[in-house]
Number of protein chains: 2
Amino acid sequence: MKNILIIGAGLSASSLIRYLLVNSEKYNWKVNVGDISEELAKTKINNHKNATAFKFDVNNKQQREELIKNSDIVVSMLPASMHFEVAKDCVKFGVNMVTASYVSKEILTLDEEAKKKNVLLLNEIGVDPGIDHMSAMQVIDKIKENGGKLTQFESNTGGLVAPKYDNNPWNYKFTWNPRNVVLAGQGSASQFLHYGKFKYIPYHKLFERTERIKILDLGEFEVYPNRDSLKYQDIYGLQNLVTMFRGTIRRVGYSRAWNVFVQLGLTDDTYIYTNSLNHTYREFINSFTKYEETKPVEQKIAEYLNIHPESHLMYQIRWTGIFEDVKIGLPNATPAQILQSLLEKKWQMEDDDKDMIVMQHQFVYEINNKMRKLTSSLVVFGEDKIHTAMSITVGTPVAIAVKMILTGEIKSNGVQIPISKNMYQPILKELEQYNVKFIDEECDWEKPKEYV
Amino acid sequence: MKNILIIGAGLSASSLIRYLLVNSEKYNWKVNVGDISEELAKTKINNHKNATAFKFDVNNKQQREELIKNSDIVVSMLPASMHFEVAKDCVKFGVNMVTASYVSKEILTLDEEAKKKNVLLLNEIGVDPGIDHMSAMQVIDKIKENGGKLTQFESNTGGLVAPKYDNNPWNYKFTWNPRNVVLAGQGSASQFLHYGKFKYIPYHKLFERTERIKILDLGEFEVYPNRDSLKYQDIYGLQNLVTMFRGTIRRVGYSRAWNVFVQLGLTDDTYIYTNSLNHTYREFINSFTKYEETKPVEQKIAEYLNIHPESHLMYQIRWTGIFEDVKIGLPNATPAQILQSLLEKKWQMEDDDKDMIVMQHQFVYEINNKMRKLTSSLVVFGEDKIHTAMSITVGTPVAIAVKMILTGEIKSNGVQIPISKNMYQPILKELEQYNVKFIDEECDWEKPKEYV
């Protein structure tokens, strides 16, 4: 019997745990789920006979070491910053480990030692990063194999509410960590490559620099640039592209409205807003406008940011409740935390709501002296509020990788991400059974007319 | 004979050293000037018989301790981050110390120990901070003594080129550390109090939120908010004000033009611009615009930021040379460093140019049931490129404080700033001999009509 240790039983672990339990009989697995909340862990295993659930505190060294030592594989679904201690123990005790998070600098320092001990630390095998890597590399490798030459690559992903449940003027609800949504794009400028030119966009311009895409029969979406488009040039082996872009997908109109909060300064997380306990949301937003005694806040915002007072954009802002004289009631909160607290009320998924993951790659390549464009799109709908699209697309590839490592189908070591064919091919194949399937559309390509 | 140790012989130390040398005979002082450049130190003492000059490295512990131990007072004119080591030694060896820098958190930790050893660590006694504190407190105390009640306080300062030498479309030249000018306003939002309302302005809106002031016969200026207006409420004892504002003075039009650089992202100092060695300035600025094949960069910027292509604003930007195909030639530079390198060529003071310091406080107070407004203005012109207005206004108050500590007129200990009457009164009085003199204008006040 193989012991699988799952650390962290939050939302993204649901579909992972389900997969492992469903397959536990066939493969003779014992699935051990630890979480800081024992109750949460218990809910997730639902009394399954091949599973145990228990309270787990990553800072409890003795428990951590004991558990890892006695496991055949460890999956950390903890927040990314907590992986390192677990990874060190895994290397120490010779146990393979899987995460859905970005490879951190700390994790990378373990590469040499992990290789020496023949331990695999497999990361970035969720949805983004994860399915994006695998599906992009599958097409990139295929174009190369066919003698094509890739010249442009764009990759966009978004987590949204499914169309049927999309009933607010932002066409958005929180289907993932709200804090990450509020802080999205902050830090150094976004960088990408556009027709051979390096482009940099500072945070305060990011949500004005959207582009439009169409995804299958779902219609139009907009995309704002991610911060890190260029780092994948080396990882994917794409040094000669003229366009390299990665972005986040939202419904059309989201970014312009979000930009109002950015322009005002409401997404700032670097200082405490002095009156966060006693001010109302109306007083809060007013603090970011000019002093004018005779104008209502709505009018000041409209004039300050040059928005038509009767526009849909203004309706989006008003709809959040930010103009209401309702007490914030948060002690020592940053502007970003105050904004998050407001949006959590308005962008909450209802009990019956379902979410959706959309992903689209665009490849432009030259073959037989012709330019072709391949658009590869993925749409995954959530099943319910437990097995959300996010949970399915994050957890299922992790689970498949765990299986393949335990059965010996994946034989690698060191710090890895799933970009090699022997990894992505079987995983993408199996994912199709879970309705995670890319649809390809191909056509001739010519440079858009506005650039000629 | 009293030993005075001056550490750091840069621009701001010139007038300080001159004052001390001129008075060295009368007070029986030995003025010892150390700098990382021995040559610079020697230039500043100019073979004066009561002075020595030598190479001084603040990280050379033995030399530092030896010198401080044998001094009666130490003046640190080093960059603010280097004061702490010096201050620790001063407390250790029981030697008083003076700086023109803001009290840092580190310095503040020495307060208790300094009091125990009866050592004075006097800070913020330059121009801003320094003369601003002293001149403001003098008026604030006087209003209180006369039975008035202060309700509003604004304080603005700027270092500019003197009108006669003001011959570029920005009406600005570097009269101080260029790096600080390029990074001005970055960090957390600016905070101030306006007619009873707390106001917060994020960096990317700062240079759009200027107000206008008039200074004596020099005409109009504009002011953008400093980051730290509110922290002086407690220091000045002004908890009941409805308006509290501190700002930086520029000539009209500067901020709108600077805002172009801010909006594009050219002032960002948090990442390396990939092609800083080989790109031209034109390629650099183009990297922050949208990709459009048929439009020149100038046109793209004008459209992106909604600037009339033939406006004075556009002329200011063009005048900097940022649209020119001249190689940057800086390895691994941030956008802010690239911008600074360009402006250092254009905003350099010519050999015969003179600078100017402008400062203006506005006090609104109630007395005998009437509202009064007192405007207190200071204009100081530089003498030449050594004794600049900046050097005079930073160095002279420091020098006067040194004299008063040595003669026993100032008897204090612990970490202090010059806000008590027994300190500011004699210092301001003596500063008048150096043409550092505030002109007061007073009138009845009523709330501006646009707010009624």
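Start with Q191(B). This residue is buried, at a relative accessible area of 15%; the cut-off for buried is under 20%. Keep in mind throughout that the model is predicted.

Now show the strand around it. Q191(B) sits in β8 of chain B, residues 190-194. Next, select what Q191(B) touches, skipping residues up to four places away in sequence. From chain B you get K199(B), Y200(B), N226(B), R227(B), S229(B) and L230(B). From chain A you get Y271(A) and T274(A).

**Across the interface**

Select both sides: 37 residues come from chain A and 37 residues from chain B. Together the chains bury about 3,500 Å², 50% of it on carbon and sulfur atoms.

How many salt bridges does the rule find across the interface of chain A and chain B? Two. For one of them, pick E293(B) and K447(A): their closest N and O atoms are 2.4 Å apart.

**The axis**

Superpose the copies. Chain A goes onto chain B with an RMSD of 0.1 Å, by a turn of 180° and a shift of 0.0 Å along the axis. The two copies are thus related as by a two-fold rotation axis. To find the axis, centre on H204(A): in chain A, its C-alpha is the nearest, 3.4 Å away. Of the interface residues of chain A, 100% are also interface residues in chain B, so the copies meet through the same surface.

**The cores**

Go inside. The largest nonpolar core has 130 residues, and W258(A), I322(A), I6(B) and L20(B) touch the most other members. Show α17 of chain B, residues 389-407: this helix gives the most to the core, with 12 residues.

Zoom in on I6(B). Beyond its neighbours within four places in sequence, I6(B) contacts L16(B), I17(B), L20(B), V31(B), N32(B), V33(B), G34(B), V75(B) and M77(B).

Then switch to a second, separate core of 69 residues; A9(A), M134(A), M359(A) and L406(A) are among them.

**Last stop: α1 of chain A**

Select residues 14-22 of chain A. Seven of the nine residues of this helix are buried, so α1 is largely enclosed by the rest of the structure. Highlight the buried ones: S14(A), S15(A), L16(A), I17(A), Y19(A), L20(A) and L21(A).

Definitions and conventions. Residues numbered from 1 in each chain as written. Chains lettered and ligands numbered in written order. Predicted model: local features only at pLDDT ≥ 70, side-chain atom pairs only at ≥ 80, totals over all residues. Heavy atoms only, no water. Buried < 20%, exposed > 50% of the residue type's maximum accessible area, 1.4 Å probe, protein only. Helix = DSSP H or I, 4+ residues; strand = E, 2+ residues; numbered from the N terminus. Core = buried A, V, L, I, M, F, W, Y, C linked by side-chain atoms within 4.5 Å. Contact = heavy atoms within 4.5 Å. Least-squares fit on C-alpha atoms with pLDDT ≥ 70 in both. Buried area = accessible area lost by both parts, 1.4 Å probe. Salt bridge = Lys/Arg side-chain N within 4 Å of Asp/Glu carboxyl O.
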